[in-house]
Amino acid sequence: MQYFYSDRVTELVSKCLQAQDMAYCPYSRFPVGAAILTADGSIITGCNVENASYGLTVCAERTAIQRAVAEGHRQFTAIAVTCDIKDRFVGPCGACRQVLMEFGSDWTVYLTKPDGTYKETTLSKLLPLAFSPEHLAKN
Ligand code: THU
């Protein structure tokens, strides 16, 4: 069967919307969902997980990437992220951008609204002049 990337994007977007339903956010009441497409075609999801000690909250994007790495993935193609904001496209927080950058700069990022419409961008556009693992490489 032929592989259509556009079908995967549709699936990725729908998986991030589903993942948002799992968010544990009793303090902010701001559920976020994320879904990562790995280089081998798997989709790994995440949601925000808050904590009574507020600073220990983990964002949806980082929940997803930590889960993906723990399941053996290191190469990623795209991430879709969604929240409840209907009237504009919302990007990942700065901390999550840096954590994604650990695994390369050429991710496609789909900023997804609740109705499933999305804006496509890239991690390098979202985090220009980033600090990354290559800066630690020994000469
Ligand atoms: N949040 C995310 O999950 N991802 C982001 O990129 C921004 C913020 C979560 C953290 C917290 O649970 C809630 O949204 C409000 O900040």
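Buried here means under 20% relative accessible area, and this cut-off is applied below to close-up views of a predicted model.

**View 1. The annotated cysteines Cys59, Cys93 and Cys96.** In the unreviewed UniProt entry, the annotation "binding site" covers Cys59, Cys93 and Cys96. Although these positions are spread over 38 residues of sequence, they cluster in space, with a largest C-alpha distance of 8.5 Å. Cys59, Cys93 and Cys96 also belong to the lining of the largest pocket.

**View 2. Cys59 in the loop between strand E2 and helix H2.** The loop that holds Cys59 runs between strand E2 (43–47) and helix H2 (60–70). With a relative accessible area of 22%, Cys59 is partly exposed. When neighbours within four places in sequence are left aside, Cys59 is in contact with Cys47 and Asn48 as well as with Cys93 and Cys96.

**View 3. Cys96 in helix H3.** Helix H3 comprises residues 94–101 and includes Cys96, which counts as buried because its relative accessibility is 0%. Not counting residues up to four places away in sequence, Cys96 touches Cys59, Glu61 and Arg62.

**View 4. Arg97, a buried residue without a salt bridge.** Arg97 lies in helix H3 and is buried, yet it has no salt bridge. The nearest side chain of opposite charge is that of Glu61, which is 7.5 Å away, whereas a salt bridge requires a side-chain nitrogen of Lys or Arg within 4 Å of a carboxyl oxygen of Asp or Glu. Residues up to four places away in sequence not being counted, Arg97 touches Gly91 and Pro92, together with Leu123, Leu126 and Leu127.

Technical notes: Residues are numbered from 1 along each chain as its sequence is written. This is a predicted model: local features need pLDDT of at least 70, side-chain atom pairs count only at pLDDT 80 or more; totals for chains, interfaces and linings use all residues. Side-chain values use heavy atoms; hydrogens and water are left out. UniProt positions are given in the numbering used here, feature names are shortened, and annotations may be inferred rather than shown by experiment. On a 1 Å grid over the protein atoms alone, a cavity is a set of points where a 1.4 Å probe fits but cannot get out, and a pocket is an open set with protein on both sides within 12 Å along at least five of seven lines; lining residues have an atom within 4 Å of a point. Helices (H or I, at least four residues) and strands (E, at least two) are DSSP runs, numbered from the N terminus. Buried means under 20% relative accessible area, exposed over 50%, partly exposed in between (1.4 Å probe, protein chains only). Contact means heavy atoms within 4.5 Å. Lys and Arg count as positive and Asp and Glu as negative; His and the chain ends are not counted.
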